[in-house]
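Me: I have a structure to read and I am new to it. Can you take me through its features, one at a time?

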Amino acid sequence: MKISEKYYPLILVAACLFLFFPHLDVLYANIMEARNFNTAREMLEHNNWVLTTMNGEARYEKPPLPTWLVAFSAGVFGITKLWALRLPSALISTVLVLFSFSLSRKRMQLSAKQSLYGSFILATSFYILFAGRNGTWDIFAHAFMLGGIYFLFQFFTTESKIYQNAALAGLFIGLSFMSKGPVSHFALLLPFLIAYIAVFKLKTFRSRTVPFILLVLITLVLSSWWALAIYFGDSETATAIADKETMAWANRNTRAFYYYWSFFTQSGTWTIPAFVSLLYPYLKSRCSNLKMYRFSLIWTLAAVVLLSCIPEKKSRYLLPVLIPLALNTSFYIEYLVRAFKVLKDKRETVPVYFNFGIIGLVCFLTPIAGYLVLSSNLDGLYFWYISLSLVLLITGVFIFKYLAKRKIERVFFLVIGFTCAVITFGFPLVRASYTNEDYAQLAPKVQQLLSEEKQLYLFENSSPELIWDLGQRVPVLNTREGLHLPTQTPFYLILEEERQEELKELLDGFNMTLEGCYDGNITTKADRNYKTRRVGCLYLVSKAN
């Protein structure tokens with residue numbers, strides 16, 4: 001059945017509903033999310049909308065736009081609901097996918113089908129899926145930036161609505177800065193400009209100088225107002241935080257220049273097609289639009305090279321590279337859909353059979369492996385396990401059927417269905433790993449002590465997850481200004497279990513009675529996601545006689 005092009009955006013939205021929105025509350029908050037959620041909670045409870053805080057201490061490391069969006073969602077649906085806190089990420093990820101489709105179809109003038117392929121590849125790439133279901137701010141910065149790039153491309157290439165496109169480009173680029181500073185400007189916008197100038201030049205730029213100035217002014221206003229607000233509102237703290245962040249970029253998580261050279265593996269199920277799409281000598285004579293292929297290839301490689309120049313490196317920083325990489329991969333998929341039936345050379349067919357055959361094999365093996373690993377913890381989860389198993393078995397059968405018939409487009413869409421099924425039916429099975437018998441919430445004890453007007457303190461804001469688990473703001477003893485002990489005793493003190501010996505040295509001359517330790521980890525110590533900083537110990541502290 002042939003589907004009209006006008007329905008493609010709706011198809012993408014439907015896929016995003018399966019990919020980004022189901023079961024957003026399954027995973028508990030990680031360290032990055034905890035920082036952001038704590039800040040959003042304090043916006044709602046203490047009105048710290050501009051001079052943002054985490055447990056009463058200034059948190060100016062990241063601009064506040066995504067935190068505002070999360071606070072708004074939490075204000076509507078509830079601050080304790082994790083799905084509500086992650087909902088804005090799912091929404092902006094859907095916007096990212098739609099901008100990718102529009103850029104490919106309307107600005108790059110690729111076919112509707114290829115634009116659909118590229119957008120599906122983007123939506124199902126590993127780190128896009130991770131960021132789209134996670135309460136971190138990278139996805140906001142890159143989604144807004146892709147919107148800015150869409151209007152910037154239009155500004156460069158069309159003669160109509162020049163001022164409107166300039167204003168919208170400036171707006172979205174500014175919103176990107178308001179999401180995570182200049183990260184996306186360096187990792188997505190600058191590589192785009194390098195690729196655009198290399199392929200298209202800037203022949204008409206001189207006639208657009210005035211609207212370009214408007215674009216820059218809008219960007220500067222949106223990008224600078226919050227920085228100026230915190231500088232004039234709390235200049236000393238803002239300067240100290242800026243210095244700390246600058247040092248981190250140069251000295252923390254430093255890696256070799258070539259650390260990112262396996263970047264294509266971050267696309268997950270599209271690793272092999274993504275790699276092949278980077279082979280310019282092979283694909284240049286096979287792609288349907290060589291000029292646009294060169295553009296997406298240069299954009300991708302420029303992003304990797306620029307990110308490689310920064311000393312601090314983490315795999316998740318490759319997120320912006322996946323945006324042009326998905327466009328680039330779509331050229332190879334389009335070629336396979338068009339020509340695979342008549343290909344004779346095994347050097348071309350074997351990688352295709354291997355890539356999609358592995359996915360088909362995973363469809364058959366997952367139900368078996370899942371039962372062997374999770375069988376003892378599937379109580380209450382059998383509906384999800386059985387549903388996932390049935391869908392994957394059916395998907396696997398059809399993947400091999402259409403591979404045998406060389407109908408690559410159907411195989412492609414089955415892979416999209418496979419990914420949707422894993423998220424929709426498989427994600428709840430993560431709960432089978434929540435087997436920590438020592439799990440105990442610290443928040444009820446905190447509420448009890450505060451309701452009894454007991455003196456209660458947190459030693460330091462060193463564990464964002466523990467602060468989030470507390471459920472409310474607790475005064476801190478050891479701040480940026482130093483250690484400030486209460487004048488009156490006794491008082492209660494919370495600190496991470498791993499720091500108990502350190503505290504005993506600092507509180508020499510005090511008696512410390514352990515009231516109990518509360519393990520906020522749902523998983524056991526054998527799990528790699530277990531964090532000792534999430535174990536909070538409660539002490540009663542009094543002066544020694």
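Me: Which residues is Phe192 in contact with, leaving aside its neighbours within four places in sequence?

Reply: Contact means heavy atoms within 4.5 Å. By that rule, and with those neighbours set aside, Phe192 is in contact with Ile149, Leu152, Phe153, Phe295 and Trp299. Keep in mind that this is a predicted model: local features need pLDDT of at least 70, side-chain atom pairs count only at pLDDT 80 or more, and totals for chains, interfaces and linings use all residues. Residues are numbered from 1 along each chain as its sequence is written, and side-chain values use heavy atoms, with hydrogens and water left out.

Me: How many residues does the largest nonpolar core have?

Reply: A nonpolar core is a set of buried Ala, Val, Leu, Ile, Met, Phe, Trp, Tyr and Cys residues joined through side-chain atoms within 4.5 Å. Buried means under 20% relative accessible area, exposed over 50%, and partly exposed in between, with a 1.4 Å probe and protein chains only. Here the largest core has 133 residues. Phe20, Leu103, Phe192, Phe295 and Trp299 have the most contacts inside it. Helix H7 (residues 138-157) gives the largest share of this core, 13 residues. Another core, of 14 residues, lies apart from it; Met54, Leu442, Leu449 and Val474 are among its members.

Me: How do I read a pair of packed helices?

Reply: Two packed helices are described by the angle between their axes and the distance between the axes. Helices (H or I, at least four residues) are DSSP runs, numbered from the N terminus. Axes are lines fitted to C-alpha atoms, for helices over the stretch in contact, and angles run from 0 to 180 degrees between N-to-C directions. Take helix H5 (residues 112-124) and helix H18 (residues 408-426): they pack at about 30°, with axes 10 Å apart.

Me: What does that angle make H5 and H18?

Reply: Angles under 35 degrees count as roughly parallel, over 145 as roughly antiparallel, 65 to 115 as roughly perpendicular and the rest as oblique. H5 and H18 are therefore roughly parallel to each other. H5 passes H18 in a left-handed crossing. A crossing is left-handed if the near helix is turned anticlockwise from the far one by less than a right angle, and right-handed if clockwise.

Me: Which residues of H5 and H18 meet?

Reply: From H5 come Lys113, Leu116, Tyr117, Phe120, Ile121 and Thr124; from H18, Glu409, Phe412, Phe413, Ile416 and Thr419. They divide into seven nonpolar, two polar and two charged. Ala, Val, Leu, Ile, Met, Phe, Trp, Tyr, Cys and Pro count as nonpolar, Asp, Glu, Lys and Arg as charged, and the others, Gly among them, as polar.

Me: How does helix H16 (residues 346-374) cross H18?

Reply: Their axes come within 11 Å and cross at roughly 40°. H16 and H18 are therefore oblique to each other. H16 passes H18 in a left-handed crossing. Val352, Phe356, Ile359, Val362 and Cys363 of H16 make the contact with Ile408, Val411, Val415 and Phe418 of H18.

Me: Now single residues. Is Pro273 buried or exposed?

Reply: At 2% relative accessibility, Pro273 counts as buried. Pro273 lies in helix H12 (residues 271-277). Beyond four places in sequence, Pro273 is in contact with Thr329, Tyr332, Ile333 and Asn355.

Me: And where does Ile11 lie?

Reply: Ile11 lies in helix H1 (residues 8-19). Ile11 is partly exposed, with a relative accessible area of 28%. Not counting residues up to four places away, Ile11 touches Ile3 and Phe120.

Notes:
Helix = DSSP H or I, 4+ residues; strand = E, 2+ residues; numbered from the N terminus.
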